[in-house]
Amino acid sequence: MSNATHAAHHTTGEHNPHLAHHFDTMGQQAGAAKLGMWLFLATELLMFSGLFLAYFVIRGFYPDMVLGAHEYLSKTAGGINTCVLLFSSWTMAMAVRAAQVGRPNNAEDSAKIKKYLLLTLLCAGIFLVVKYFEYSAKFEHGMLPGKFYTAHLHGYEIEGLPHIFFGIYFFMTGLHGVHVVVGMGIMIWIYMRASRGEFSAQNYAGVENAGLYWHLVDLVWIFLFPLLYLVK
Amino acid sequence: MSNTIFLNGKESPDAVETHHHVSPASHYVVVLMALFVLTGLTYAVSFADLGPLSLPVAIFVAVIKASLVVAFFMHLKYDDKYNLFVFLGTLIFIGIFFGFTLFDLQARDALNDEQRTFVRREEQRNAGEVLQVGISNDPTRLAEYEAAHPGHGEAHGGDGEAHGEGEAAEGGAAEH
């Protein structure tokens, strides 16, 4: 950040301490950050699309097995988690909004951003707790991927090749769960930055990009839930 | 700024800036309620017996939900169009990825039957001609396999006596 004479500075009087020296204005800096975030989200979508395609291929090969095995997933747990994630997407959108309308160096406005971030963090925690109970039930019943599959020894007769279904189930929900954990880490980081009073209407790209990431996690679950838990 | 940017022939002083758009809080509440209602709908529909329609219906509702999240929570409706371009470009590539793979999946059976390029062991076993993939076309490996699995010759369509070189040729012939 250069505090030297900034002759090329275009907007009058604007000199935000968060402006990096290689950008002309805060608006340009935020736009570049957001474009970068969208490019990253594009790679995330492509990564998850491979798993979704694997799901459709497996479904195409073994339709009866997928329908038989999916009955063993808890629709209630999946439904609760869907609502929790949707609600957390709302709290995240509100956190971004609180930053967008926040006055610079205003403790009250920063507290509002922090409140919504904490709510989002709480929802992410609830999601993982529900997921923990779901996973431990699957472990207990031996409904595991590939060679670890032992459900037949626990009295569950599932037609066909259910170890393949549980392979794709654990891979997809597992990768999604990793994204939730990473999202919680990002949320804590943004919370700390908000505590330092970094975010306001003049500088909210950090909150906004964290929000974009979190909405992507929600977006993936919106497709995971009906495909894995509900579909007949 | 030394270099002025022109858009559509007009000077555009803030072309490189991102645009602020603050949605009213009530919009977010409406979107959240719509998302809850649509989730309830998918949940209810999963208990109704829609037969082959259930997958398209579930995906259709999920696409509507995803569009709401992308347009309002992720601001793409109000954002610079360049970000929308990145997002839609990604969807096009995912479409190509899905489209060609699923075409292959559908066309695969017909092509295999026509060209016999892929050996499906179960079906051939049921039809009485057992082909061990990677074994039947290699006389030495076939001989080893036959020695290790004495019962195997029964289902081979032969008389079950002649193991060895002769049968290897027969196995090779059955493949074509």
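Helices here are DSSP runs of H or I with at least four residues, strands are runs of E with at least two, and both are numbered from the N terminus.

This is a predicted model, so to speak of a local feature we ask for pLDDT of at least 70, side-chain atom pairs count only at pLDDT 80 or more, and totals for chains, interfaces and linings use all residues. Residues are numbered from 1 along each chain as its sequence is written, chains are lettered from A and ligands numbered from 1 in the order in which they are written, and side-chain values use heavy atoms, with hydrogens and water left out.

**View 1. Asn105(A) sits in the loop between α3 and α4 (107-140) of chain A.** Asn105(A) is not a glycine, yet its phi is positive, at about 50 degrees. With 73% relative accessibility, Asn105(A) counts as exposed (exposed is over 50% relative accessible area, buried under 20%, partly exposed in between, with a 1.4 Å probe and protein chains only).

**View 2. Chain B has six helices and two strands.** Starting at the N terminus, the order is β-β-α-α-α-α-α-α. Of its 176 residues, 29% count as buried. Contact means heavy atoms within 4.5 Å. Among the chain B contacts with a separation of 6 or more, 44% come from residues 24 or more positions apart.

**View 3. Helix α1(B) covers residues 25-45.** Its 21 residues should span 30 Å at 1.5 Å a residue, and the end C-alpha atoms are 31 Å apart, which agrees (the expected span is 1.5 Å times one less than the number of residues). Tucked away on this helix are the buried residues Tyr28(B), Val31(B), Leu32(B), Leu35(B), Leu38(B), Thr39(B) and Thr42(B). Looking down the axis of α1(B), the buried residues fall within an arc of 125 degrees, so they line one face of the helix; the arc is that of the directions from the helix axis to the C-beta atoms. On the face turned away from that buried side are the exposed Val30(B) and Val37(B). The cover over the buried residues of α1(B) includes α3 (75-100) and α6 (205-230) of chain A, together with α2 (54-73) of chain B.

**View 4. α3(A) packs against α1(B) at an angle of about 170 degrees, with the axes 10 Å apart.** That makes the pair roughly antiparallel (over 145 degrees; under 35 is roughly parallel, 65 to 115 roughly perpendicular and the rest oblique). Axes are lines fitted to C-alpha atoms, for helices over the stretch in contact, and angles run from 0 to 180 degrees between N-to-C directions. Residues making the contact include Leu86(A), Phe87(A) and Trp90(A) of α3(A), and Tyr28(B), Leu32(B) and Phe36(B) of α1(B).

View 5. Among the buried residues of α2(B) are Leu55(B), Val61(B), Lys65(B), Val69(B) and Phe73(B). Just after α2(B), His75(B) takes a positive phi of about 65 degrees, although His75(B) is not a glycine. At 6% relative accessibility, His75(B) counts as buried.

**View 6. His215(A) lies in helix α6 of chain A.** His215(A) is buried, with a relative accessible area of 1%. Neighbours within four places in sequence aside, His215(A) is in contact with Ser89(A), Met92(A) and Ala93(A), and across in chain B with Val69(B), Phe73(B) and Met74(B).
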